[in-house]
Amino acid sequence: MTAQSSVHASVVVGIATHNRAGEVRKAIASALEQTHMPLRVAVIDDASSDGTSAMRDEFKTVSWERWEQNQGYVRARNNMMLTAAEDYYVSLDDDSWFIRSDEIAIAVDFLERHPEAAAVAFDILSPDHPQPVSRGSRQSVAMFIGCGHVLRLSTVKALSGYAEFPGAYGAEEKDFCLRLIDAGYQIVKFDGVHVWHDKSSLARDIPRQHRSGVCNDLALTLRRVPLGFLLPIMAWKISSHIAFAIRKGLLRPCLQGFRDFVMAAADIWRTRSPVRLSSLAQYRTLTRSPREVTG
């Protein structure tokens, strides 16, 4: 038995895709099968060269936009969120899909009844974490995972969406969640309300992603940490990245990430907007110990 929300808040499901025609078909179909209404599915084809654009004829009710030059998923998500007229934005990766048909209905119903929450994180299944769990508990958490979550669009627009980072991958979700917490909002994870993330190997260059992740993590630190704590936290971050990279055989991309950060540091400094120390502490606490949410 699936749930259907009793509210009529409008929803847009946003999918940014690049060269994943097989997977994105499943993502679109699963979004169109959701019970919540009104619901619009929007796809940005970010310069795919694999025939993705031909799906416009297959999915005629989908809002489809094609970019001729690749601009990345962060810019695509911002475009969909900041131009949408709907109340809520559901983020779905192009290699992710809903397991059932009521996930959005459940999330929107909760958000409509809990204005203190600005985001719902779905429970992500994947090839390395395939076992579903029973629905039930809800937890206040530090962050959502980009491949499946719901955002209150009025809050997204108040925060101007995702901040852009020098690297192409990593940190934008953590940064946004930290700003949500700093603005006084909750991020709630729904155990058992699943999205499958196929983790397609296409374009997953691990050294390149690690390089980008290191650079962006240091950029986030420079941009958000209060000045009095910046040097010790930055030193701890650098030493932690080096230790991890040595253990995983990723020292070269780690050092390249450091270099990328140094080259971008002046531009990042000009966009500094630190959060409160209490927000950093709350984020760290929720990372270690999520809190049960009732109601």
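**A histidine and its contact**

Mentor: In this predicted model, a polar atom of the side chain of His36 lies 2.6 Å from the backbone oxygen of Ala9.

Trainee: Where is the place of His36, and is His36 buried or exposed?

Mentor: His36 sits in the loop between helix 1 (21–32) and strand 2 (39–46). Buried means under 20% relative accessible area, and His36 counts as buried because its relative accessibility is 0%.

Trainee: How many residues of strand 4 are buried, and which way do they point?

Mentor: Five of the five residues of strand 4 (residues 88–92) are buried, so the strand is largely enclosed by the rest of the structure. Tyr88, Val90 and Leu92 point one way, while Tyr89 and Ser91 point the other way.

Trainee: Which strands pair with strand 4?

Mentor: Strand 1 (residues 11–17) pairs with strand 4 in the parallel sense over four bridges, and in this pairing Val12 stands opposite Tyr89. Strand 8 (residues 148–152) runs antiparallel to strand 4 and is joined to it by five bridges, with Val150 as the bridge partner of Val90.

Trainee: Turning to pockets, what lines the second largest pocket?

Mentor: The second largest pocket holds about 570 Å³ of space, and of the 22 residues that line it, the closest to its centre are Lys174, Lys237, Leu280, Tyr283 and Arg284. Helix 9 (277–288) is one of the helices that supply at least two lining residues, and it gives the most, with seven. By type, the lining divides into 15 nonpolar, three polar and four charged residues.

Note on methods
Residues numbered from 1 in each chain as written. Predicted model: local features only at pLDDT ≥ 70, side-chain atom pairs only at ≥ 80, totals over all residues. Heavy atoms only, no water. 1 Å grid on protein atoms, 1.4 Å probe; cavity = no way out; pocket = protein on both sides within 12 Å on 5 of 7 lines; lining within 4 Å. Points joined across faces, edges and corners; volume = space filled by probe spheres on them. Nonpolar A, V, L, I, M, F, W, Y, C, P; charged D, E, K, R; others polar. Buried < 20%, exposed > 50% of the residue type's maximum accessible area, 1.4 Å probe, protein only. Polar contact = N/O pair within 3.5 Å; in protein donor to acceptor, adjacent residues only side chain to side chain. Pairing = 2+ DSSP bridges.
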